[in-house]
Amino acid sequence: MIGSVLLLDDATAQMSEINEAKIIAALKNTGAAVLLTSNRWASGRFADRIVVIQDGSVVESGTHNDLMNLGPERSVYAKNWSDL
């Protein structure tokens, strides 16, 4: 699948976190670029890059660690993690 692009729109919404992690790991091993939309904030920990969209605009982007290091006062992503 090298050179392919997969777009998955909330494809893991009905999966357990364990199965979601397995699917995402398998997708990473395909060599395809994978764009995964999700309403589950916890899914971000598996991503190479997270883009947070709020009210139709990109409000932040970075890795899980980048965004968590900003803290809940400065990051929508980190705030939602602290609310889990």
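Buried here means under 20% relative accessible area, exposed means over 50%, and partly exposed is in between (1.4 Å probe, protein chains only). This is a predicted model, so to speak: local features need pLDDT of at least 70, side-chain atom pairs count only at pLDDT 80 or more, and totals for chains, interfaces and linings use all residues. Residues are numbered from 1 along each chain as its sequence is written, and side-chain values use heavy atoms, with hydrogens and water left out.

**View 1. Arg45 and Glu17 join a loop to helix α1.**
Start with the salt bridges (a side-chain nitrogen of Lys or Arg within 4 Å of a carboxyl oxygen of Asp or Glu). The count for this model comes to three. In this close-up, the side chains of Arg45 and Glu17 meet with N and O 3.1 Å apart. Arg45 sits in the loop between β2 and β3 and Glu17 in helix α1, so the pair ties together parts that are 28 residues apart in sequence. Helices (H or I, at least four residues) and strands (E, at least two) are DSSP runs, numbered from the N terminus. How accessible is Arg45? Arg45 counts as partly exposed, at 31% relative accessibility. Glu17 is also partly exposed, at 44%.

**View 2. Arg40 makes a salt bridge with Glu20.**
Here the closest N and O atoms are 3.8 Å apart. Arg40 is in the loop between β2 and β3 and Glu20 is in helix α1, so this pair ties together parts that are 20 residues apart in sequence. Is Glu20 buried or exposed? Glu20 is buried, with a relative accessible area of 0%.

**View 3. Lys28 makes a salt bridge with Asp48.**
Look for closest N and O atoms that are 3.4 Å apart. This pair links distant parts of the chain, with Lys28 in helix α1 and Asp48 in the loop between β2 and β3, 20 residues apart. Lys28 counts as partly exposed at 45% relative accessibility. Asp48, with a relative accessible area of 63%, is exposed.

**View 4. Strands β3 and β4 form a hairpin.**
Strand β3 covers residues 50-54 and strand β4 covers residues 57-62, and the two pair in the antiparallel sense over five bridges. Strands pair if DSSP finds at least two bridges between them. To get your bearings, find Ile50, which stands opposite Gly62 in β4. Another pair to pick out is Ile53, whose bridge partner in β4 is Val58. Two residues lie between the strands. In that turn, Asp55 has a positive phi of about 55 degrees.

**View 5. Asp10 and Asp55 each have a positive phi.**
Most residues other than glycine have a negative phi. Asp10, which is not a glycine, has a positive phi of about 55 degrees. Where does Asp10 lie? Asp10 lies in the loop between β1 (5-9) and α1 (17-28), and with a relative accessible area of 24% it is partly exposed. At 81% relative accessibility, Asp55 counts as exposed.

**View 6. Glu60 is buried and has no salt bridge.**
Glu60 is found in strand β4, and at 10% relative accessibility Glu60 counts as buried. How far away is the nearest side chain of opposite charge? That side chain belongs to Arg74, 8.6 Å away. For charge, Lys and Arg count as positive and Asp and Glu as negative, while His and the chain ends are not counted. What does the side chain of Glu60 touch instead? A polar contact of 3.2 Å joins the side chains of Glu60 and Ser75. Such a contact is a pair of N or O atoms within 3.5 Å; within protein, one must be able to donate a hydrogen and the other to accept it, and residues adjacent in sequence count only if both atoms are side-chain atoms. The side chain of Glu60 also reaches the backbone nitrogen of Val76, at 3.1 Å. If you zoom out to find Gly3, Glu60 and Gly3 are 27 Å apart in space, C-alpha to C-alpha. In sequence, Glu60 and Gly3 are 57 residues apart.
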